[in-house]
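Here is a short tour for a first look. Keep the sequence and the 3D view side by side as you read.

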Amino acid sequence: MKRVLLFLPLIIVLGLGVVLFAGIGKDTTTLESALIGKPVPSFSLADLHSPGRLISNDVFKGKVQLLNVWGTWCPSCRDEHPDLLRLAKQKGVSIIGLNYKDSRDEALTWLSRLGDPYSTSIYDPKGTLGFDLGVYGAPETFVIDASGVVRYRHVGVVNQKVWEETLLPVINEAKGNG
Amino acid sequence: MLRALLAIGLVIVSTLSLAEVTDVYDFDSPQQEEQFQTMIEELRCPKCQNQNIADSHAPIAKDMRNEAYRMMQGGASRDEVVDALVDRFGEFILYKPAVEKRTFLLWATPVIAVFVGLLAVIGVVIRSRRNARSITELTPDEKARAEEFLADMEQEKRS
């Protein structure tokens, strides 16, 4: 019995080692959204393209869509832009754009020059909807189901890998249930 | 002379960069200001992690401070403000998570660890005392033999 007890410190150290090792290299900067399973916060914001038109939560009703938070000030948004275009044009994914803390002129110039992947663009210059969504760093991409409930949030660039391994499975699941 | 001036200038410039985040918020009373200050020091910035929203320069931290201030001016209590922010950004932002069933282990682990350590120390002390006693206390038979042995040695020395 005493012999076994002598090994206790070794066992504890090994256990701690395994636990700590598992944490190495883990991405601690991406957080799970607090809104998963909850509806998109209510909002009423202008359309980026036509300032007179107001957009509300109804835009998320009816089908599973992506909500992409972006701004012209955000370099990673530029990085993911071609991927979003490809998803919208080739895969027929409906993406709603949330232009976050940006200026309308710059945003429109960006879209006309680089292409517009968004079926609807919401203009949120003060970042109110972004704040209610818990956006802490653009780009962020939300999967919203057909009843307007947040299913998933991806923080960072959407690329081929993220689309195939992360977003597509969530979308398929949302389609199955919704 | 020029060097001295330069040194003084550098010192002044370096203190400027150390200046804290200064947003100007007006409060009705010093207590309210203190309450606000304490609250934003206990909330973690989601963007620049390991900084509280009081110290962070991130735009999101500023938005959070503004919202907290706006709600407090509207008469919201500390808990209401914190809950509103947690609803948006998750419990991650709490430096002091609520004590409940789910977070019980988180809070209790230090106490449990200290308790287990104390038990171990007590165990070691009791055992060593018991061993010490069992060594010093000889049975009458052993005592007799030991005395005999010592007496023999004395005799040998004298002879």
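Predicted model: local features only at pLDDT ≥ 70, side-chain atom pairs only at ≥ 80, totals over all residues.

**Helix α4 of chain B**

Helix α4 of chain B covers residues 78-89, which makes 12 residues. From its first C-alpha to its last it reaches 16 Å, close to the 16 Å expected at 1.5 Å a residue. Several of its residues are buried, including B:Val81, B:Val82, B:Ala84 and B:Leu85. B:Val86, B:Arg88 and B:Phe89 are buried too. An α-helix has 3.6 residues a turn, so residues three or four places apart point the same way. What covers the buried residues of α4(B)? The cover includes α2 (30-41) and α3 (59-73) of chain B. It also includes α5 (128-132) of chain A.

**The loop between α2 and α3 of chain B**

Two residues of this loop are worth a look. One is B:Asn52; another is B:Arg44.

Is B:Asn52 buried or exposed? Its relative accessibility is 12%, so B:Asn52 counts as buried. A polar atom of its side chain lies 3.2 Å from the backbone oxygen of B:Glu41. Residues up to four places away in sequence aside, B:Asn52 touches B:Ile40, B:Glu41, B:Leu43, B:Arg44, B:Cys45 and B:Tyr95.

B:Arg44 has contacts of its own. Leaving aside neighbours within four places in sequence, they include B:Asn52, B:Met64, B:Phe92, B:Ile93 and B:Tyr95. B:Arg44 and B:Glu91 are 47 residues apart in sequence. In space, their C-alpha atoms are 9.6 Å apart.

**A region from the record**

An unreviewed UniProt entry places a "transmembrane region" at residues 104-126 of chain B. In the model, that stretch is 100% helix and 0% strand. Its end C-alpha atoms are 32 Å apart.

**The sheet of chain A**

Now turn to chain A. Here 5 strands form an open sheet with mixed pairing, in the order β5-β4-β3-β6-β7. β5 (120-124) and β7 (150-155) stand at the edges with a single partner strand each, so one side of each has no neighbour in the sheet. On average, neighbouring strands are turned by 20 degrees against each other, direction ignored.

Strand β4 (residues 95-100) of chain A runs parallel to β5(A), and 5 bridges join them. A:Tyr100 has A:Asp124 in β5(A) as its bridge partner. For A:Gly97, the bridge partner in β5(A) is A:Ser121.

Two helices of chain A pack on this sheet, as the table shows.

| Helix of chain A | Strands touched | Angle with the direction of β3(A) |
|---|---|---|
| α3 (residues 75-90) | β3 (65-70), β4, β6 (140-144) | about 160 degrees |
| α4 (residues 104-114) | β3, β4, β5 | about 120 degrees |

How many residues of β5(A) are buried? The count is 5 of its 5 residues, and the strand is mostly covered. In a regular strand the side chains alternate between the two faces of the sheet. On one side of β5(A), A:Thr120, A:Ile122 and A:Asp124 are buried. On the other, A:Ser121 and A:Tyr123 are buried.

Methods:
Residues numbered from 1 in each chain as written. Chains lettered and ligands numbered in written order. Heavy atoms only, no water. UniProt positions renumbered as here; feature names shortened; annotations may be inferred. Helix = DSSP H or I, 4+ residues; strand = E, 2+ residues; numbered from the N terminus. Expected span 1.5 Å × (residues − 1). Buried < 20%, exposed > 50% of the residue type's maximum accessible area, 1.4 Å probe, protein only. Contact = heavy atoms within 4.5 Å. Polar contact = N/O pair within 3.5 Å; in protein donor to acceptor, adjacent residues only side chain to side chain. Pairing = 2+ DSSP bridges. Axes fitted to C-alpha atoms, helices over the stretch in contact; angles between N-to-C directions.
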